[in-house]
Amino acid sequence: MSSPDISTDLLDRFAAIVGERYALRSEADLAPHLIENRGLYHGSSPLLLKPGSVAEVSDIMKLATETGTAIVPQTGNTGLVGGQTPRAGKADIILSLERMNRIRDVDPVANVLVADGGAILAEVQKAAEAHGRLFPLSLGSEGSCRIGGNLSTNAGGTAVLAYGNMRQLCLGLEVVLPTGEIWDGLRRLKKDNTGYDLRDLFIGAEGTLGIITGAVLKLFPQPLGHQVAFAGLNSVEDALGLFNLAASLCGASLTGFELMPRFGVEITTRHIDGVRDPLDAAYPWYVLIDISTSDSAETAERMMNGVLEQGFEAGLVLDAAIASSVAQQKAIWHMRESMSDAQKPEGGSIKHDVSVPVSKVPHFIAEAEEAVMAAMPGARICAFGHMGDGNIHYNISQPVGADKDAFIARWHEMNHIVHGLVLAHGGSISAEHGIGQLKRDELAAIRPAIEIELMRRIKRAFDPANIMNPGKVVSLEV
């Protein structure tokens, strides 16, 4: 399969690096890798390469630089902004780290784990657990997403409140540069003030500066106590009040505080097998409270009881259920993690991954609802997410009976409304999903010109040929 922009001979040269078995060219083999998870982007590519070593990745990039061939890194293909999707109508070659999936080392004394960039997140979690340790990054896609992609998007997830996002969970990196040079920065040090922090340039760069082939990750002791509760509330203001109460009582032991609307609970119980509402009555808003303690199960139980008791006394909590088993804890978390997927059977959905200062969450949600409903009467808002760190997934489902295509056609109009309010509250238009293709032009429009120019200078310095995931995050065309 050739392309007007790349010869068969050149494709053969790339394929020879990994062997024909790991060089996919057929339409059927390429098809799953050409579409973004939500179907927003459909790319094109004549070839997908699956290198099995850092040396092979290096050879691929050397040839790409020599010939000016664009390379798009792809790990689990679970991204939501088109960062992993090749450009439409181009001859981008996809580089998959699927074969580079080893856990290289686990050191429970130093609390570090070294993994390939293609290691699946769930396997990293299991490897840590086997040594009595915890790797706290937790995502709905953890069974398929990979560490290189998690780092390249600076993934957040449900435990940022206590442990931070991937930037805080990484000590060192191994990166293949666009030129094919290899940077071995697999340092295991918490203290290392030796020059510029190159690691942080690659984390969150979405594969535009290099390919992350290995990482040193931080581990933590496994909690001895764990409690999960599901509480019904009257308002987002009450949710904020309960969060402040829980944070004061639990400190670092508060490992999750998730906000959910009634509409989200209704569609999740309706469409996701095995999900049920833990409470008998319906409430306007809900929170999931997660507490983990390092000393004992009794401490976690005492903390949870204290949060709920004081929450009831203050009129913040209307009803609550505490999970009495690990299975019930997982079931409550499954409801929260399935909320986005539960919107699909309801028709079209316009999504926003935004963050505002925690104290502004109630104001933002109220103002956004008023503005969205004024622009689109009948829209069904599903605003949920990580209340504890201000990250709200402000999703809008189409009105009942509306035409899906006509609804999706208003994507940018709704983005303009929601993102305008986010910025007015000092927030971010991308909390954890990244920029990719979806928000590249909007980023350039809202950030100061010098900030975008500095990003372009960094891109040119690392990738002067502009072959590394071109067209993502920042455009070099001014």
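Trainee: What is the angle at which helix H8 and helix H10 pack, and how far apart are their axes?

Mentor: In this predicted model, H8 (residues 236-250) and H10 (residues 297-313) pack at about 145°, with axes 10 Å apart. Axes are lines fitted to C-alpha atoms, for helices over the stretch in contact, and angles run from 0 to 180 degrees between N-to-C directions. Helices are DSSP runs of H or I with at least four residues, and strands are runs of E with at least two, numbered from the N terminus.

Trainee: Which residues make that contact?

Mentor: Contact means heavy atoms within 4.5 Å. H8 contributes Leu-242, Leu-245, Ala-246, Leu-249 and Cys-250, and H10 contributes Met-303, Gly-306, Val-307, Gln-310 and Gly-311. By class, there are 7 nonpolar, 3 polar and no charged residues; Ala, Val, Leu, Ile, Met, Phe, Trp, Tyr, Cys and Pro count as nonpolar, Asp, Glu, Lys and Arg as charged, and the others, Gly among them, as polar.

Trainee: Why is H8 called roughly antiparallel to H12?

Mentor: H8 and H12 (residues 361-375) pack at about 165°, with their axes 9 Å apart. Angles under 35 degrees count as roughly parallel, over 145 as roughly antiparallel, 65 to 115 as roughly perpendicular and the rest as oblique. H8 is therefore roughly antiparallel to H12. Val-236, Glu-237 and Leu-240 of H8 meet Val-361, Pro-362 and Ile-365 of H12.

Trainee: What makes a space a cavity, and what makes it a pocket?

Mentor: On a 1 Å grid over the protein atoms alone, a cavity is a set of points where a 1.4 Å probe fits but cannot get out, whereas a pocket is an open set with protein on both sides within 12 Å along at least five of seven lines; lining residues have an atom within 4 Å of a point. The count is 1 cavity of 30 Å³ or more. The largest cavity holds about 50 Å³, and its lining includes Arg-38, Lys-351 and Asp-353.

Trainee: Which element gives the most to the lining of the second largest pocket?

Mentor: That pocket holds about 1100 Å³, and of its 30 lining residues, Leu-134, Ser-138, His-226, Lys-330 and Trp-333 are the closest to its centre. H11 gives the most, with 6 residues.

Trainee: What conventions apply to these values?

Mentor: Residues are numbered from 1 along each chain as its sequence is written, and side-chain values use heavy atoms, leaving out hydrogens and water. Local features need pLDDT of at least 70, side-chain atom pairs count only at pLDDT 80 or more, and totals for chains, interfaces and linings use all residues.

Conventions:
Grid points are joined across faces, edges and corners, and a volume is the space filled by probe spheres set on the points.
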